[in-house]
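Please read them with the structure open beside you.

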Amino acid sequence: MPGGWVAGNVRAGFFGNRLFMSVRVRFAPSPTGYLHIGGARTALFNWLYARHTGGTFVLRVEDTDDARNTREAVDVILDGLRWLGLDWDEGPVSGDAMQESKGDRGPYFQSQRGEIYQRRIQELLDKDLAYEHEGAVKFRMTREPVTIPDVVAGDVVRKLTDREEADPDFVIVRSDGKPVFHLVNVVDDIEMDITHVIRGEDHLSNTSKHVELFKAFGAALPKFAHIPLILNNDGSKMSKRDSGASMAAYTEGGYLPSAVVNYLSLLGWSPKDNTEMMPTAELIERFDRPGVQRANARVDMPTLDWLNFEHIRALSPDDFKSQALGQLQAAGLDTTGRDADYTAAVLALCTDKIKNLNDVAGYIGFFFRDEVVLDAESAAQALTPENKPHLATLREAYAGLATFDADSLMEALKATAAAREVKNKVLVMPARVACTGSKVGPSLYHLMEVLGQAEVLKRFDAALARM
RNA sequence: GACCCCUUCGUCUAGUGGUUAGGACACUGGCCUUUCACGCCGGCGACACGGGUUCGAGUCCCGUAGGGGUCGCCA
């Protein structure tokens with residue numbers, strides 16, 4: 001039996017011919033115009049759990065606040081989930097609420113579920129569990145402490161706060177007729193047969209309201225799993241503006257989706273055996289409730305950077321190639337005119353060296369430019385008048401080379417340095433800067449081999465001309 | 001103000017009464033490399049505090065402090 005959250009699922013009992021009802025989890029974001037990293041992590045945990053158990057992952061859009069809910073805002077969320085690779089089994093196919101969704105428990109936009117809510121509200125009114133008050137509808141909330149069974153936090157006994165003590169009942173329908181979050185959330189979870197509610201701990205306290213609502217509808221409780229929150233690196237709460245709060249920081253930060261998924265999975269969950277780097281398939285295999293943490297976690301970009309490096313180097317040659325080529329094209333560099341061997345040789349030089357996709361163009365861009373773009377500091381240091389005669393001699397030595405491979409290039413450089421009675425370094429740096437424009441880059445001899453004799457001499461000449 | 005959750009190196013964490021408290025990232029010393037990295041070998045570095053319980057507590061209990069969350073006709 002996989003999955004610690006499955007055991008003891010009471011809902012299964014309602015379906016006589018089935019021992020267990022399969023897991024149904026959902027991610028229910030409100031379209032605000034951006035995807036918060038905490039929301040992405042909640043989606044990930046739900047998705048991992050669904051995939052781990054062979055269950056169903058539902059995406060439901062909580063767009064009851066039509067003032068700020070737009071198609072574009074929904075698309076931001078859908079795009080973010082798609083980028084991460086979190087596919088949903090039921091839910092919207094686009095940000096358009098009018099378009100037909102996939103799945104048979106729809107609609108999956110709350111803005112389209114008005115009739116369902118009406119029916120449920122009437123049910124509560126009829127049972128006298130709710131009543132009208134100043135145009136709104138309020139729910140008769142219990143005055144007693146409510147026990148919230150949570151598979152992560154244990155049984156949480158939630159007492160009323162002093163304010164709630166004064167007026168325990170809460171609004172479920174506003175005076176403008178719109179049902180509120182607590183109501184629609186519970187109704188949808190019932191209607192969509194959600195078995196496990198996995199969400200951020202910011203919802204824990206309010207779950208007492210939900211528990212009472214489930215009871216009022218005579219529905220069995222889903223398993224609640226409140227997962228810890230993600231905070232800023234300094235421990236303060238994360239808001240929109242904080243760096244790393246938005247998914248955009250990751251999609252545009254040169255990260256591989258699998259690295260971000262891996263990183264997010266480790267924020268609030270642990271495989272318990274010190275494994276850090278895990279492909280998504282392994283995450284699905286291993287993700288389970290017992291590893292879920294109870295304490296909040298903080299974002300830490302260096303760890304993500306390291307995981308990103310590990311995921312990049314784990315890429316197959318073909319996958320690395322398509323990623324690298326994509327980066328070069330995004331940087332405006334034309335790689336289509338080059339022959340395949342040249343490109344392959346270039347990419348071979350940076351395998352295991354690229355830590356961030358955004359570094360690709362800077363690292364090997366010079367292979368695809370006709371004019372070397374000089375880094376000012378590197379040029380000032382290496383392309384000096386004193387180095388000019390050295391580089392000129394090296395140029396002649398290279399011009400006379402019959403075989404232009406890394407070994408020959410190294411030997412020739414050493415011989416030239418010896419003849420001129422200078423250290424190899426004195427020739428290495430000017431040569432490197434002449435060829436690449438920068439002090440750092442791939443192995444000098446190998447890079448020159450790939451560039452080819454004619455191109456190297458051309459670049460030497462260009463450098464010599466400005467020394 | 002009330003209520004709820006949390007507390008092991010800087011960060012993510014392992015740890016379920018007896019451990020020299022382990023790992024990863026970060027930082028740092030060295031080796032390798034005539035660039036930058038990688039890699040390898042070291043180092044630094046934690047049980048928030050105070051009481052209990054126990055032969056024995058990071059592990060159990062209580063309190064304090066700190067952090068986070070919630071208490072809305074937002075979600």
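1. Is Arg466 buried or exposed? With a relative accessibility of 60%, Arg466 counts as exposed, where exposed means over 50% relative accessible area, buried under 20% and partly exposed in between, using a 1.4 Å probe and protein chains only. Arg466 lies in the segment that follows helix 19 (453-465), and its C-alpha atom is separated by 61 Å from that of Leu59, a residue 407 positions away along the chain.

2. A word on the basis of these notes. This is a predicted model, in which local features need pLDDT of at least 70 and side-chain atom pairs count only at pLDDT 80 or more, while totals for chains, interfaces and linings use all residues. Residues are numbered from 1 along each chain as its sequence is written, chains are lettered from A and ligands numbered from 1 in the order in which they are written, and side-chain values use heavy atoms, with hydrogens and water left out.

3. On the overall form, chain A contains 19 helices and eleven strands, these being DSSP runs numbered from the N terminus (helices are H or I with at least four residues, strands are E with at least two). The radius of gyration of chain A is 30 Å, well over the 23 Å that the globule rule gives for 467 residues, so the chain is more spread out than a compact globule; the radius is taken over C-alpha atoms, and the rule is 2.2 Å times the number of residues to the power 0.38. Taken along the principal axes, the box filled by the C-alpha atoms of chain A is roughly 100 × 45 × 40 Å.

4. Of the contacts in chain A with a separation of 6 or more, 72% are between residues 24 or more positions apart, a contact meaning heavy atoms within 4.5 Å. The accessible surface of chain A comes to about 21500 Å², with 50% of it belonging to carbon and sulfur atoms; such areas come from the Shrake-Rupley method with a 1.4 Å probe, and for residues only the protein chains shown count as cover.

5. Helix 8 (residues 257-265) deserves a look, and Asn262 has its place there. Seven of the nine residues of helix 8 are buried, which leaves the helix mostly covered, and the buried ones are Ala259, Val260, Val261, Asn262, Tyr263, Leu264 and Ser265. These buried residues pack against several elements, including helix 1 (37-53), helix 2 (71-84) and helix 10 (301-313). Asn262 itself counts as buried because its relative accessibility is 0%, and, residues up to four places away in sequence being left out, it touches Glu276, Met277, Met278, Leu283, Leu307 and His311.

6. Strands 8 and 9 can be read together. Strand 8 (residues 196-200) runs parallel to strand 9, and five bridges join the two; strands are taken to pair if DSSP finds at least two bridges between them. Within this pair, Val197 stands opposite Phe224, and Arg199 has His226 as its bridge partner. Five of the five residues of strand 8 are buried, so this strand is largely enclosed by the rest of the structure, while strand 9 (residues 223-227) is mostly covered, with four of its five residues buried. In the loop between helix 5 (181-191) and strand 8 sits Thr195, which is buried with a relative accessible area of 0%.

7. Strands 5 and 6 make a contrasting case. Strand 5 (residues 146-150) and strand 6 (residues 154-158) run antiparallel and are joined by five bridges, with a hairpin of three residues connecting them. In a regular strand the side chains alternate between the two faces of the sheet. Thr147 stands opposite Val157 in strand 6.

8. Finally, Thr436 has its place in helix 17 (residues 424-436) and is buried, with a relative accessible area of 7%. Apart from its neighbours within four places in sequence, Thr436 is in contact with Phe366, Val372, Val373 and Leu447. Between Thr436 and Leu447, eleven residues apart along the chain, the C-alpha separation is 9.0 Å.
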